[in-house]
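User: I would like to go through how the two parts of this chain meet, and on what grounds each term is used.

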2 protein chains.
Amino acid sequence: MTEADFISTLRHLATAPAARGLADDCAVLDIGNETLVLTYDMLAEGVHYLPDQDMADVAWKLVATNLSDLAAKGASPVGVLLGFMLGDNDDRFASGLAEVLATYDVPLLGGDTVSAPGAPRVFGLTALGTATHCPPPSRAGAQPGDAVWITGPVGGAMMGLEALRASNGAGTDSTAYRRPTPLLAEGQALAPLVTAMMDVSDGLLLDASRIGTASGVTLAIDSKAVPIAAPEDRRADALRWGDDYQLLFTMPTELTPPVSAVRIGTVERDQGDGPLLIDGRVPAADRPLGYRHQHLPPRHDAPQG
Amino acid sequence: MTEADFISTLRHLATAPAARGLADDCAVLDIGNETLVLTYDMLAEGVHYLPDQDMADVAWKLVATNLSDLAAKGASPVGVLLGFMLGDNDDRFASGLAEVLATYDVPLLGGDTVSAPGAPRVFGLTALGTATHCPPPSRAGAQPGDAVWITGPVGGAMMGLEALRASNGAGTDSTAYRRPTPLLAEGQALAPLVTAMMDVSDGLLLDASRIGTASGVTLAIDSKAVPIAAPEDRRADALRWGDDYQLLFTMPTELTPPVSAVRIGTVERDQGDGPLLIDGRVPAADRPLGYRHQHLPPRHDAPQG
């Protein structure tokens, strides 16, 4: 059974409206007079982080990636629950966890630890937030004529991982890969204005195509307009790498985003081209649009685009 | 760093009242006009289930153990989020998941899957519920003079695991181990009446001592009064094995439980004996009171008590 098959099976179990058909970053649930936003993401050794990375950075990333999902819903974080596999350097993990929770003023509410020796280690986190605007943005509301925007450059995490792999992290800036920033304030400012929003975790082009699919429209991206934090000759890679956690959103053209953002395209009616056009063309089928859980190559190997 | 050290470190991060000092089965959180109850438990291959078990049973147990935590708070389940490592027999897992969610009428709200080849597999689940009585019971309210009760026998899961290991599951009843029952209706009926309550997941004596510790009292247990689902010569083991998910609770003596339950002891002032007395004696230090994440012995080995 492939991951796609398994998720397809799960979708049949996720019939509650709150589950949003498992086609969103978060579950959105009306509880009493509040709207809860819930996300659950995992980090696996060798998939989402390098086995010899500082565990403090792994803790940071585990929390930050989940908070980024809340940011994409314009939610305000309420707390997190941690699923932890005991192992090496747990003190460093605890230290990074303390740092990221303090930075974003989010309490640890609970969780579980297991002792299950053997690689790879896998960590899970549930983050819980409350919506600041209802309904919270989804991926499904992009309208033909909307503008497509992104809050900042992509490719920084790609360069950070390459720096980390090349140098063991000393003397080069791998921060963008190790310590992503969840754009919570930006998400809250945007939530009342956008027609669709998500955080770019798996690659800009792949995530843009997901908004297109969920909304039943075509996102026409001007690849040259996308801000990148990488050399120009790596533009094609930067558009496909994940882990940058910028917010990608669509908005009526008459509105101006209240946060720093760059316009990178236009939403069009789907005239049979599918969810994504890059510079007016349907993307070539021979190259992935983004990151789909491939394993990280060992340190010093050539990076995958 | 040991598990106890790590959890002690986490406790310093879990300062929100909702976290209950990580000394409870659940986080309890006031959101708007509702009280949310949140739990996160993991199952690890070789620790919480046998590597060759039917994955449908593993899915059942993952959900049921988390719902049991909600039961101990008298909560009504709202939904679950799943953390899943892809592997063998994922179709069986999906089938068991569908079955347990339908049985307890709980929707899947979201989650994450990772592909991280390599044993052991670890699964996580967050269950979310709303309190039916406020404040929800904790472990910390037992009062001297209260009676100590349990909703049913312990030792059934122990016998079930032994049957499963001895026979590969054919022809013997291992249901109690494979498919525990979360006592949701019982927990809701008891919540307004109890002074302390928890589900017995790690062994009756260990869990009783936890209520004693959290409440600052001594639970005096009459070991012969405890109902067991095991031969009489295994009584001492049955009192120490986990996985039965009965509800253990304390209640003023003038009250009668509204559900089937057996009285097994009395709450006393702690006169220096610590949180637990068994038949009037402080438990011997040379034998564990319960289950603390030891690894399951391989099939056909002698069971651990």
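**The domain interface**

Analyst: In this predicted model, the side chains of A:Lys61 and A:Asp243 form a salt bridge, with 3.0 Å from N to O.

User: Why is the pair A:Lys61 and A:Asp243 called a salt bridge?

Analyst: The term asks for a side-chain nitrogen of Lys or Arg within 4 Å of a carboxyl oxygen of Asp or Glu. A:Lys61 and A:Asp243 have N to O at 3.0 Å, so the pair meets the rule. Across the interface of domain 1 and domain 2 of chain A, the rule finds 4 salt bridges.

User: Which elements give two or more residues to the side of domain 1 of chain A that touches domain 2 of chain A?

Analyst: They are helix H2 (55–72) and strand E3 (75–85) of chain A, where helices (H or I, at least four residues) and strands (E, at least two) are DSSP runs numbered from the N terminus. H2(A) gives the most, with 12 residues.

User: What makes domain 1 and domain 2 of chain A count as in contact?

Analyst: Contact means heavy atoms within 4.5 Å. By that rule, 25 residues of domain 1 of chain A are in contact with 21 residues of domain 2 of chain A.

User: Where do the domains of chain A lie?

Analyst: Domain 1 covers 3–131 and domain 2 covers 147–278, with bounds from an automatic or database domain assignment.

Terms used:
Residues numbered from 1 in each chain as written. Chains lettered and ligands numbered in written order. Predicted model: local features only at pLDDT ≥ 70, side-chain atom pairs only at ≥ 80, totals over all residues. Heavy atoms only, no water.
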